Amino acid sequence: MKSPEGHESHMRWAIALAMEGAGQTSPNPIVGAVVVKDGRVVGEGYHARAGAPHAEVHALRRAGRRARGADMYVTLEPCCHDGRTPPCVPAIVEAGIRRVFVGTRDPNPLVNGRGMRALKRAGVRVVEGVLEERCRGINEAYNKFIRSGVPYVVAKVALSLDGKIASRFGDSKWITNRLCRAYVHRLRAQSDCVMVGAGTVAADDPRLTARVPGLRRRPVAVVVDGSLRIPRGARLLSRRPGELVVATTRRAPKSALRFIEGKGHRVVICRSGAGGRVLLPDLMRKLGGIGLTSILLEGGGELFADFFRGGLVDRVVCCIAPKLMGGEGKDFLPGMSASRIDQAIRLAECTVEIMGDNVIVEGRPRKKGVTISSKVKSER
């Protein structure tokens with residue numbers, strides 16, 4: 001048997017392949033697979049989009065007859081049920097693969113260990129847990145969605161050095177530099193949807209597009225607007241049908257509802273919370289119900305604060321520029337205040353990256369909030 005380092009090297013390549021499908025496979029996970037024989041890679045593949053062949057099938061097709069007696073390295077447990085594509089386990093067995101090294105098991109209740117058990121029953125040796133943490137980490141959105149039925153939320157904020165997201169007049173273009181903005185477009189491309197509040201639409205008139213070369217699947221734009229005051233001339237309303245979701249409440253004027261729906265866009269009616277704003281836990285359930293598994297939350301401040309108050313943020317991306325706005329600038333989290341340092345929301349598992357004269361700090365909020373449960377099953 002090869003050394004653990006050899007197994008990890010092949011799995012690292014499978015992870016790199018999986019990342020080629022990032023943002024394009026929802027509601028399915030991203031998966032990479034490598035077929036190795038006599039120490040050489042003879043086949044490789046990744047899952048490119050929902051409904052397309054899975055990574056294992058691509059790798060087996062490239063390996064051809066060389067797959068017999070070979071090993072397979074796959075980032076996620078092979079599926080054993082019929083969905084939009086046939087299950088992978090029979091294909092692996094039929095190809096004559098002798099050993100399958102699995103990064104992590106699939107939390108989908110239709111799989112969750114069954115794929116590996118089916119392989120073992122067919123005489124295929126299975127080794128689980130090769131680079132398990134990394135393999136699990138590349139599918140954070142899928143893992144949360146499949147267990148809870150609600151999207152994974154990344155809060156992305158562009159901040160001045162003194163913590164402001166805009167000037168006192170609402171001007172925010174541009175706080176960060178071009179490198180940071182290009183990074184944000186890559187984050188958008190990896191997300192099912194980009195979310196903003198009505199105030200951001202009124203102030204910035206954003207497009208919320210992902211300007212990434214070769215992008216096959218564009219993220220949906222989601223506007224949270226409790227009273228449906230989005231300007232009728234907003235550029236977002238010119239997007240193609242299916243590319244915009246407007247979340248509102250029963251307070252919304254019927255004429256505004258008819259106008260937006262008349263343009264072919266989806267309007268989601270949610271329960272209302274404090275101040276008549278959209279009740280976010282209800283919105284999260286409804287977005288999960290229409291198959292959106294990940295959100296890139298881009299503000300503004302009131303929407304950021306509501307998400308943090310509810311404990312609904314899974315990851316934070318702070319893009320910080322060496323600029324000072326002064327005390328009257330717009331705050332990142334208006335209305336939120338920790339009376340003591342130990343009550344502050346702390347970020348764990350932090351990373352720091354320098355992009356020109358900007359700094360990107362990423363981490364997970366450690367303070368727990370509400371829990372939403374509503375299990376779903378994936379088609380994978």
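What covers the buried residues of helix H6? In this predicted model, the cover over the buried residues of H6 includes helix H5 (132-137), strand E6, helix H10 (280-289) and strand E12. The residues concerned, in a helix that spans residues 140-148, are Ala-141, Tyr-142, Asn-143, Phe-145, Ile-146 and Ser-148. Just after the helix, Gly-149 adopts a positive phi of about 80°.

Strand E6 (residues 152-160) runs parallel to E12 and is joined to it by 4 bridges; Tyr-152 stands opposite Ser-294 of E12, and Val-154 stands opposite Leu-296. Strand E8 (residues 193-197) is likewise parallel to E12, with 3 bridges between them, and here Met-195 has Leu-297 as its bridge partner. In a regular strand the side chains alternate between the two faces of the sheet. In E12, Ser-294 and Leu-296 point one way while Ile-295 and Leu-297 point the other way, and all of these residues are buried.

A separate helical contact is formed by helix H2 (residues 55-63) and helix H3 (residues 88-95), which pack at an angle of about 20° with their axes 9 Å apart. This angle makes H2 roughly parallel to H3, because angles under 35 degrees count as such. The crossing of the two helices, H2 and H3, is left-handed. On the H2 side the contact is made by Glu-56, Val-57 and Leu-60, which meet Cys-88, Ala-91, Ile-92 and Ala-95 of H3. The residues of this contact comprise 6 nonpolar and 1 charged, with no polar residue among them.

Two buried residues are found in loops. Thr-176 lies in the loop between strand E7 (164-166) and helix H7 (178-189), and it counts as buried because its relative accessibility of 10% falls under the 20% limit. When neighbours within four places in sequence are left aside, the contacts of Thr-176 are with Ala-158, Arg-181, Cys-319, Ala-321 and Asn-358. Glu-243 occupies the loop between strand E9 (220-224) and strand E10 (244-248), and at 8% relative accessibility Glu-243 also counts as buried. With the same exclusion of neighbours within four places, Glu-243 is in contact with Arg-218, Val-220 and Ala-221. The C-alpha atom of Glu-243 is separated by 43 Å from that of Gly-96, a residue 147 places away along the chain.

The remaining features concern backbone geometry. Most residues other than glycine have a negative phi, and most peptide bonds are trans. Asn-112, although not a glycine, has a positive phi of about 40°; this residue is placed in the loop between strand E4 (99-104) and helix H4 (114-121) and is partly exposed, with a relative accessible area of 36%. Asp-205, which is not a glycine either, has a positive phi of about 50°. Asp-205 is found in the loop between helix H8 (198-204) and E9, where it is partly exposed at a relative accessible area of 25%.

Cis peptide bonds are found from Ser-26 to Pro-27, with omega near 5°, and from Gly-299 to Gly-300, again with omega near 5°. Pro-27 is located in the loop between helix H1 (4-18) and strand E1 (32-37), whereas Gly-300 lies in the loop between E12 and helix H11 (301-309).

Terms used
Residues are numbered from 1 along each chain as its sequence is written. This is a predicted model: local features need pLDDT of at least 70, side-chain atom pairs count only at pLDDT 80 or more; totals for chains, interfaces and linings use all residues. Side-chain values use heavy atoms; hydrogens and water are left out. Axes are lines fitted to C-alpha atoms, for helices over the stretch in contact, and angles run from 0 to 180 degrees between N-to-C directions. Angles under 35 degrees count as roughly parallel, over 145 as roughly antiparallel, 65 to 115 as roughly perpendicular and the rest as oblique. A crossing is left-handed if the near helix is turned anticlockwise from the far one by less than a right angle, and right-handed if clockwise. Contact means heavy atoms within 4.5 Å. Ala, Val, Leu, Ile, Met, Phe, Trp, Tyr, Cys and Pro count as nonpolar, Asp, Glu, Lys and Arg as charged, and the others, Gly among them, as polar. Buried means under 20% relative accessible area, exposed over 50%, partly exposed in between (1.4 Å probe, protein chains only). Two strands pair if DSSP finds at least two bridges between them.
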